[in-house]
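The sequence and structure come next.

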Amino acid sequence: MKKIFSLALAAAMSLSLVACGGGGNTSTPAASNPAASNPAASNPAVSTPSTGDGTLKVGFAQVGHESDWRTASTKSAQDVFSAANGYELSFVDCDNDSAKQLEAVRSFIQQGMDYIIIDPIVATGWDTVLTECDEAGIPVIIIDRTVDDSDKYVAWVGSDFKVEGLACGEWLKAYAADKGIGEINALVIEGSVGASATIGRTDGFKEIAEREGWTILDSQSGDFTEAGGQEVMESFCQSYKGQFNVVICQNDNEAAGAMTAMDQAGITYGVGGDVILVSFDANKPYVQMVCDGKINANFECNPMAAPTVSEIIQALEKGETPEKEVYVSEHWFAAEDNVTSITVNGEAQEVIHATQEVVDGRPY
Ligand code: AHR
């Protein structure tokens, strides 16, 4: 079904979570998904313990603190899983270290958490520890990035990263066509190696690039950090100066670093610049940069999974079985109004012109 969001609706949907699909999407947490793959979700013998006073003990193994997006995600979890809301939150910043993240999950098991939330740094290497959670009867909820080698979790709440990458490619195609740009020579600053956010965005953009016959001159990890984005862009500027007209940064912090490197190299970017600059995340300060014409387009990654996770926990507490996959709603922003809609996976999606009013309405 074709779906074009109005501006007002788009702004409202940034805060709400609605029924599932591809980009611009989500589903309600409690429904009829069988818990066959997750005994902890269905077996009363392994149902959740609790503190006795009704407070639910929740352990959250967070990726780290690499980006503005991550800060928003952490704040959202700390706000939602508060004592006032009936939770006792044990939060571990895993500092982008997979071994530390596995250790944090095992420590949550030992501490007898009622629920464990994981934002997986990498997509693989999870089956053993998730089996341990399952055997301990502790339901696990995955947020943001995916686990690709185990289904031993109750639910996942996050983004369709491939759709984000496809949307970026479709926007670039439409934008270049409107501007009469015949040749695309792109540089990609990827996110952290092995993260599903990186894999999905890379695959999605690459699919469109291959279909359109674009050249991807180089693609290197900037580790989702500003320093990483700057370092990669500095090396790109040395190796490819004068050869590229598009820079794709897989998150806002990398885009900030890339801008610094291009400033130093005397390369202009954004509206009217030498280079079309694209980012992902759409944190408020970076939607402002879209509005200001420094970034040409920005593809949202919604960090507000925690309210839905809380709904899932409350549903589990009532003995309900949640949906296994819940997609958060996401929107696409552009500095100019020449591309107002793109088709992604056969679905029309709005590209929002990032006016000051739009920026001011952004929740994070
Ligand atoms: O997993 C989400 C990604 O991780 C965000 O795009 C990035 O900013 C963060 O570090």
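Domain bounds are taken from an automatic or database domain assignment. The model is predicted, so local features need pLDDT of at least 70 and side-chain atom pairs count only at pLDDT 80 or more, while totals for chains, interfaces and linings use all residues. Residues are numbered from 1 along each chain as its sequence is written, and side-chain values use heavy atoms, with hydrogens and water left out.

**The largest pocket**

A pocket is an open set of points, on a 1 Å grid over the protein atoms alone, where a 1.4 Å probe fits and where protein lies on both sides within 12 Å along at least five of seven lines; lining residues have an atom within 4 Å of a point. Volume is the space filled by probe spheres set on the points, which are joined across faces, edges and corners. The largest pocket has a volume of about 210 Å³. Its lining comprises 15 residues, and T146, D148, S159, F161 and S196 lie nearest the centre.

The largest pocket lies between domain 1 (46-158) and domain 2 (161-301 + 333-360), because both give residues to its lining. Helices (H or I, at least four residues) and strands (E, at least two) are DSSP runs numbered from the N terminus. At least two lining residues come from each of α6 (161-179), α7 (196-212) and β13 (325-327). The most are given by α7, with four residues. By class, six lining residues are nonpolar, four polar and five charged. Here Ala, Val, Leu, Ile, Met, Phe, Trp, Tyr, Cys and Pro count as nonpolar, Asp, Glu, Lys and Arg as charged, and the others, Gly among them, as polar.

**The two sheets**

Two strands pair if DSSP finds at least two bridges between them.

| Strand pair | Bridges and sense | Bridge partners |
|---|---|---|
| β9 (246-249) and β10 | three, parallel | V246 and I276 |
| β15 and β16 (347-353) | four, antiparallel | I342 and Q349 |

Strand β10 (residues 276-281) is mostly covered, with six of its six residues buried (under 20% relative accessible area, against over 50% for exposed and partly exposed in between; 1.4 Å probe, protein chains only). In a regular strand the side chains alternate between the two faces of the sheet. Both faces of β10 are covered, with I276, V278 and F280 buried on one side and L277, S279 and D281 on the other.

**Positive phi angles**

D281 counts as buried, because its relative accessibility is 3%.

N96 is not a glycine either, and its phi is positive at about 60 degrees. N96 sits in the loop between β3 and α4 (98-110). Its relative accessibility is 26%, so N96 counts as partly exposed.
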